[in-house]
Amino acid sequence: KELFNGAVVLDIVDVYEDVFDMVPLDIINQDWIFRSINVSRRYDGLKRFTDVVFATPACIVASVLVFPFVYLAIKLEDGGPVLYSHLRVGKHGKPFRVYKFRSMENLPTNEVKETKKVTRVGAFIRKTRIDELPQLWNVLRGDVSLIGPRPETPNLVEEYAKSVPFYNVRHIVRPGLSGWAQVHQHEAPKFGIDIKQTKTKLAYDMYYLEHSSLLTDFSIILRTIKVLMSKSGV
């Protein structure tokens, strides 16, 4: 007893989370999920209200100050479509279409390439993340939130659900334009199947689900702004 007199006993899992900002996947089971993840209706309602409050003026400003110039630039470069959409998996596994400004070259329907090139306009709007501004419409529709786990394509979700235990737990909340994993993971999976990096991403997503709150969301927004400014050279 004297050996531990005055000592502070720390839980190794809590220490791990505090140091790495993620949950070790080895401890995740059904008991952990029911005990640690508590996304209340009140929080979900407040988050939805916050999404609409911030996304509405942002969408209006972008529609007036950004969209017309991007539309003109893309049309002048190759005359192709301005927007493109693709399927993503949302809350409760429900698929939805996410919208972006087109940044890849526009090829004739009879011409096929294994890899398309990024256009000059596309390179700029990708670097500045302008290509993702149409996703504000997805926020207003309720497909996504400003903050949450980033949505994946249906084929990747199907594969990861088979290979990564409890992967689909991340779908209990709306996906987000940015998230805890996006501002922490330096080598995020981008193209094709990447089991290793997806497990790391899930560890960050689980941390977010465990600590979800408006304060956490606000901290992610600040980190996201910092990342965007650094990548755009500001």
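Predicted model: local features only at pLDDT ≥ 70, side-chain atom pairs only at ≥ 80, totals over all residues.
Residues are numbered from 1 along each chain as its sequence is written, and side-chain values use heavy atoms, with hydrogens and water left out.

Let's begin with helix H3. Helices here are DSSP runs of H or I with at least four residues, strands are runs of E with at least two, and both are numbered from the N terminus. H3 covers residues 41-65, and its 25 residues reach 36 Å from first C-alpha to last. That's close to the 36 Å expected at 1.5 Å a residue, where the expected span is 1.5 Å times one less than the number of residues.

Which residues of H3 are buried? They're Tyr43, Lys47, Asp51, Ala55, Cys59 and Ala62. Buried means under 20% relative accessible area, exposed means over 50%, and partly exposed is in between, using a 1.4 Å probe and protein chains only.

Now, the inside. A nonpolar core is a set of buried Ala, Val, Leu, Ile, Met, Phe, Trp, Tyr and Cys residues joined through side-chain atoms within 4.5 Å. The largest one has 35 residues, and Trp32, Ile37, Met206, Tyr208 and Leu209 have the most contacts inside it. Helix H9 gives the most to this core, with seven residues. Apart from this core lies another, of seven residues, including Val70 and Phe101.

Take Tyr208: among the residues it touches are Tyr43 and Lys47, plus Trp180 and Ile220, leaving out residues up to four places away in sequence. Contact here means heavy atoms within 4.5 Å.

On to charges. A salt bridge is a side-chain nitrogen of Lys or Arg within 4 Å of a carboxyl oxygen of Asp or Glu, and the count comes to eleven. Asp44 and Lys91 make one, at 3.5 Å from N to O. This pair links distant parts of the chain, 47 residues apart, with Asp44 in H3 and Lys91 in the loop between strands S1 and S2. Asp44 and Lys91 also join Arg174 in a network of salt bridges.

Glu77 pairs with Arg120, again with 3.5 Å between the closest N and O atoms. Glu77 is partly exposed at 26%, whereas Arg120 is exposed at 72%.

Last one: Lys162 and Glu158 meet at 3.9 Å. Why about one helical turn between them? Because they're four residues apart in helix H7.
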